[in-house]
Amino acid sequence: MSGATARAAARGTAAGRTTARRARTRQRLLDAALQVFAEEGFGRSTVEQVCERAGYTRGAFYSNFTSLDELFLAMWEERSVRMLNALRAALAAVPADAGPEETLRAALTAIPVEDAWFRVTAEFTAHALRNPSLRHVMVARERAIQETVLPLVTAALRRDGRVVPDEAALGQALVAVHDGTSAQVLLEPGNEEPRRRREALFRHVLDSYSAPGPGRRAAPTDRADPAARAARTER
């Protein structure tokens with residue numbers, strides 16, 4: 001190996017170490033920020049608190065993020081990617097002959113309701129509502145997430161013989177159900193009833209925003225209600 005080649009290889013190795021170190025720093029800042037935001041509230045959190053929790057200086061923070069807003073958006077993007085990967089894996093593992101209830105449970109298991117994350121996102125949403133430019137960024141990112149999730153949802157519905165006439169409307173309805181029922185589940189952590197109602201409400205929304213495909217008859221309207229289904233069977 002020539003001297004020039006060796007020096008180039010050494011520079012490449014050093015650059016790789018720098019990139020890996022920077023990635024670790026960024027991840028530690030993101031992890032620390034979630035803890036600080038959840039404990040202190042987004043509006044009361046400071047760069048100094050995040051740095052202290054992560055064990056870094058302000059210089060390390062500003063070499064990765066320009067503001068706490070940018071940090072939160074990076075955190076949101078990271079968690080969205082993780083959630084989407086988990087959702088894909090969960091739906092791919094569902095047997096081809098599984099019923100809609102089994103598919104729905106697999107999807108909901110892949111999208112857990114987390115206390116800390118819910119508190120942080122609720123506060124940041126209120127913060128964004130007071131900042132028009134930030135509001136537009138959040139709308140665009142949420143729309144991008146819906147556009148990624150909806151093909152997975154519509155594919156699962158197709159396996160159940162259903163089609164979705166208005167995918168955008170379904171996406172908005174699913175977000176509304178997720179946000180609203182998450183609050184109910186978290187307010188009563190020891191009560192399983194809000195979780196059961198959450199699942200039933202998701203099923204009703206999926207049925208309401210989809211229709212039987214060509215050659216399929218309409219399904220009974222009580223498919224998400226186990227009690228009604230059992231009563232019909234007894235008759």
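Where in the chain does S210 lie, relative to α9 and β2? The points below take this up after a few remarks on the model.

1. Basis of the note. This is a predicted model, in which local features need pLDDT of at least 70 and side-chain atom pairs count only at pLDDT 80 or more, while totals for chains, interfaces and linings use all residues. Residues are numbered from 1 along each chain as its sequence is written, and side-chain values use heavy atoms, with hydrogens and water left out.

2. Overall make-up. The protein has 10 helices and 2 strands, where helices (H or I, at least four residues) and strands (E, at least two) are DSSP runs numbered from the N terminus. From the N terminus on, the order of elements is α-α-α-α-α-α-α-β-α-α-β-α. Of the 235 residues, 36% are buried, a term that stands for under 20% relative accessible area, with exposed meaning over 50% and partly exposed in between (1.4 Å probe, protein chains only). Among contacts with a separation of 6 or more, 66% come from residues 24 or more positions apart, contact being heavy atoms within 4.5 Å.

3. S210 and its surroundings. S210 lies in the loop between α9 and β2 (211-212), and it counts as buried because its relative accessibility is 7%. Leaving aside neighbours within four places in sequence, S210 is in contact with L157, R162, V163, V164 and P165.

4. D207 in helix α9. D207 belongs to helix α9 (residues 193-208), and it counts as buried because its relative accessibility is 15%. The side chain of D207 makes a polar contact with that of R203, at 2.8 Å.

5. For "DNA-binding region", an unreviewed UniProt entry lists residues 46-65; UniProt positions are given in the numbering used here, feature names are shortened, and annotations may be inferred rather than shown by experiment. Over residues 46-65 the chain is 65% helix and 0% strand, with the end C-alpha atoms 13 Å apart. In helix α2 (residues 47-54), the residues V47, V50, C51 and A54 are buried. Seen down the axis of α2, these buried residues fall within an arc of 95 degrees, so they line one face of the helix, the arc being that of the directions from the helix axis to the C-beta atoms. After α2 comes G55, whose phi is positive, near 85 degrees.

6. Packing of α6 and α7. Helix α6 (residues 115-129) packs with α7 at an angle of about 130 degrees, and their axes are 7 Å apart; axes are lines fitted to C-alpha atoms, for helices over the stretch in contact, and angles run from 0 to 180 degrees between N-to-C directions. The two helices α6 and α7 are therefore oblique to each other, given that angles under 35 degrees count as roughly parallel, over 145 as roughly antiparallel, 65 to 115 as roughly perpendicular and the rest as oblique. From α6, F124, T125, H127, A128 and L129 meet P132, L134, R135 and M138 in α7.

7. E142 is found in helix α7 (residues 132-159) and is partly exposed, with a relative accessible area of 33%. Not counting residues up to four places away in sequence, E142 touches W76 and V175. A110, by contrast, lies in helix α5 (residues 100-110) and is buried, with a relative accessible area of 11%. With residues up to four places away in sequence again left out, A110 touches M83, A86, L87 and A90.

Notes. Polar contact = N/O pair within 3.5 Å; in protein donor to acceptor, adjacent residues only side chain to side chain.
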